[in-house]
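Notebook open, model loaded. I want to go through the charged pairs, then the chain contacts, then the domains.

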Amino acid sequence: MSSNTKLTKTLARFQARIEVGDFYEAHQTLRTIANRYVRSKHYGDAIDLIVEGVQAFLSAKQGGSATDLIFYLLEVYDTAEVQVSDVSVARLVPLLANLDPEEPNLKDVVTGMNNWTIKFGPCKYGDPYLHSVIGSKLAVGGYVYEAERYFVLGTNDSVDKYVSLLWEWFLQAGDKKAVGEFFARPVFNYLFIGNIQNAYAVKDKFLKKFIDWSSVQCEKVDKNGFEMWYFEDYADLNFLQLLILTCQTKNADLFKNLKSHYSGSIDQYSSQLEYLGQEFFGMKIQKPVNFMQDIMSGLLGGK
Amino acid sequence: MSTPEKDFINKFVALATLQHSGLPSDTKKPLQDVTNLGVALPALRYKYNHKRVKR
């Protein structure tokens with residue numbers, strides 16, 4: 001009997017148990033047989049079997065068994081040293097998509113998946129495509145800060161999802177004056193990772209929502225291909241738009257000029273701006289000076 | 001264009017857009033090259049309730 005026919009038979013037996021509600025038996029059988037495949041290094045068969053098993057448990061609303069098998073799948077990925085590719089990532093996506101966002105170990109599942117892409121893929125923080133799926137799931141589950149982080153490191157369509165999440169959050173806050181606190185997040189997050197394109201995308205999408213919704217006093221500024229909205233009552237929104245342009249120029253004088261014009265109203269951003277100063281303008285972060293240590297090392301001829 | 005901030009913005013934008021040595025506006029560091037996420041932003045004062053979202 002070929003391994004494929006065996007696999008089909010095992011799956012049929014497994015499905016039959018699920019149908020009669022014998023979840024424990026089904027789970028055990030599947031694990032035993034998958035183990036056998038792993039020990040004989042038939043990783044492909046083990047992976048196919050486990051994936052089918054997860055799907056069946058998810059359809060039967062057995063989240064506990066499903067997530068247990070997802071962890072098992074990741075173990076097999078690790079043992080088999082499965083590399084990050086369209087295929088190996090795409091296999092995880094429907095499993096994640098069908099997972100109940102209220103599943104208690106949702107965060108562990110996504111961390112497990114992401115850690116595999118870190119270990120076997122080219123990106124230090126994991127696979128962008130997987131991030132976009134993870135971000136959406138975490139957002140639905142209410143894990144906003146975690147979702148935000150994955151969206152920032154996601155694909156192009158993560159931008160829209162990130163903006164929607166922030167917008168919903170802003171509406172819930174019910175504090176119109178706080179719009180800058182929400183807008184500042186994606187602007188800084190994208191600038192931090194050198195993604196000017198997405199910083200601009202967020203500027204257009206988020207501010208358009210705000211203008212349409214609030215009938216706020218504003219005016220378009222359009223010069224040499226750069227467009228921004230001037231808000232009469234929201235200096236922070238003006239500052240943040242100018243900040244993107246300034247990072248783009250990489251001109252330290254403009255950066256200092258911008259900061260000094262808005263000094264006072266941007267105190268809360270001092271560590272963010274210090275970081276951007278270093279990244280875009282080559283400005284060294286100043287360490288607090290310790291005079292005593294300087295004198296001592298001077299006396300001792302050190303530097 | 002009357003307020004001091006508006007004047008500043010007009011002049012600043014004019015000056016900043018004259019620079020041709022900067023980065024194009026579609027600059028995007030590939031995520032393979034991202035080794036640092038910058039500064040962790042402080043949490044917002046506002047709670048987010050995912051159960052209130054209409055889907």
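I looked up A:Lys203 to begin with: its relative accessibility is 5%, so I note it as buried (buried is under 20% relative accessible area, exposed over 50%, partly exposed in between, with a 1.4 Å probe and protein chains only). Its salt-bridge partner is A:Asp204, with the closest N and O atoms 3.4 Å apart; the rule wants a side-chain nitrogen of Lys or Arg within 4 Å of a carboxyl oxygen of Asp or Glu. A:Asp204 comes out as partly exposed at 47%.

A note on provenance: this is a predicted model, where local features need pLDDT of at least 70 and side-chain atom pairs pLDDT 80 or more, while totals for chains, interfaces and linings use all residues. Residues count from 1 along each chain as its sequence is written, chains are lettered from A and ligands numbered from 1 in the order written, and side-chain values use heavy atoms, leaving out hydrogens and water.

Next I checked A:Asp160, which bridges to A:Lys205 at 2.8 Å between the closest N and O atoms. This pair joins distant parts of the chain, 45 residues apart: A:Asp160 sits in helix H9 (residues 158–173) of chain A and A:Lys205 in helix H11 (residues 196–214) of chain A. Helices here are DSSP runs of H or I, at least four residues, numbered from the N terminus. A:Asp160 is partly exposed at 38%, and A:Lys205 is partly exposed at 34%.

I stayed on helix H11 of chain A for A:Asp212 and A:Lys208, which are four residues apart there, so about one helical turn separates them. They form a salt bridge, closest N and O atoms 2.8 Å apart, and both are exposed.

Which residues pair up across the chains? B:Arg45 forms a salt bridge with A:Glu181, with 2.3 Å between the closest N and O atoms. The count between chain B and chain A is two. I also logged 20 residue pairs in polar contact across this interface, both residues at pLDDT 80 or more.

For the interface as a whole, 45 residues of chain B touch 63 of chain A (contact means heavy atoms within 4.5 Å). The two chains bury about 5,000 Å² between them, 61% of it on carbon and sulfur atoms; that is accessible area (1.4 Å probe) lost on putting the two parts together, summed over both.

Last entry: chain A splits into domain 1 (1–82) and domain 2 (157–302), with bounds from an automatic or database domain assignment. Their centres, taken over C-alpha atoms, are 49 Å apart.

Terms used
A polar contact is a pair of N or O atoms within 3.5 Å; within protein, one must be able to donate a hydrogen and the other to accept it, and residues adjacent in sequence count only if both atoms are side-chain atoms. Helices (H or I, at least four residues) and strands (E, at least two) are DSSP runs, numbered from the N terminus.
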